[in-house]
Amino acid sequence: MPAVDLKDMMFHNRCISKNAPIEIIIIGCGGTGSMFIRDAIRIAKVYNDSLPTKKSYRPEPRITDIILIDGDIVETKNLVRQNFIPCDIGCYKSEVLAERYGAAFDMPIKAVTHYMEDPNELFNLAFKRRSPYESDRMGTKLIFSFVDNVKTRLMLSNFMMGYYDEYIYNIHSSDTGKHILSNADIVMIDSGNSKYAGQVCISAVRSNYAPLNFYIPSVAEQNPDLLDPANWDKFASEASCEEAADSDPQTISANATAANICMNIFHQLLFEGAIHYQKVMFNAQDNNATIEVIKDKPEGPSIAKIVY
């Protein structure tokens, strides 16, 4: 097998433009999500502080928004294995973490206090203007998924595939007639684990940077078992991996491992702008992790919209 030219691979797998703002959306603030948020905000602060302070008329790759999404409320049983303390009980997880780390590190963190179950809502949250005086938001969207049910992963896969198939090419701005998302890129990092083992999948859609446009497959395309209806559950209403972990504290190590892998990916994307692998498979019991290197990037999704 020929040696991989890492420098060339990193160039062709650039996920973040050097001249565009960055928005971070974190879906799920439970076991893995709350651990990730704790350190990711620190990395985001260091990154923003590393950028030049001189004024420029050109857009810069500064993190402009961080949005935490979770409809769950902190309970007593969460205190042992999640990043919460007793005074948080009864409050929304997303609000607790947004207020705590936004104040501590002076970062623009917002909270959404319901579950994300609709790809159109996610699209509007990420891209649509929030007021008549604001333009549609371009730049790079880093979306981290720490959900604990298959149906939400299918929804997020539909979001990525739908963004590629429809939003880039078919949705037009009503007032300009131009493609409203031709300068917006998405990178999604999805984390999931069982008792000891798990995986982190990276998918991406990059547009308007020809000839370097690319598509890294969604989590459902990378994990075909998710397409089996026998594996489908309900949105945020079935017993989750969190509940299983309450009776098995060892699962904390799997959550921490997944959070650290996602943190490493986040750091790599921010400071290098590129990634050369699309999947990390790990086993916390064996302290083992392997990667799946990005090889041939398809021109677009390999499956149709998932109906679940």
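Helices α2 and α3 cross in a right-handed sense (the near helix is turned clockwise from the far one by less than a right angle; helices, H or I, at least four residues, and strands, E, at least two, are DSSP runs numbered from the N terminus). This is a predicted model, so to speak: local features need pLDDT of at least 70 and side-chain atom pairs count only at pLDDT 80 or more, while totals for chains, interfaces and linings use all residues. Residues are numbered from 1 along each chain as its sequence is written, and side-chain values use heavy atoms, with hydrogens and water left out.

The axes of α2 (residues 31-50) and α3 (residues 93-105) come within 10 Å and cross at roughly 25 degrees, with axes being lines fitted to C-alpha atoms over the stretch in contact and angles running from 0 to 180 degrees between N-to-C directions. The two helices are therefore roughly parallel (under 35 degrees). On the α2 side, S34, I37, R38, I41, R42 and K45 make the contact, meeting L97, Y101 and F105 of α3 (heavy atoms within 4.5 Å).

As for aromatic pairs (ring centres of Phe, Tyr or Trp, the latter by its six-membered ring, within 6.5 Å; stacked under 30 degrees between planes, edge-to-face over 60, the rest tilted), the whole structure holds seven. F36 and F144 sit with ring centres 4.6 Å apart and planes at 35 degrees, so they count as tilted. This pair bridges 108 residues, from F36 in α2 to F144 in strand β4 (residues 139-145). F144 also stacks with F146, at 6.4 Å centre to centre and 5 degrees between planes. Ring pairs join F36, F144, F146 and F266 into a cluster.

Key:
Parallel < 35°, antiparallel > 145°, perpendicular 65-115°, else oblique.
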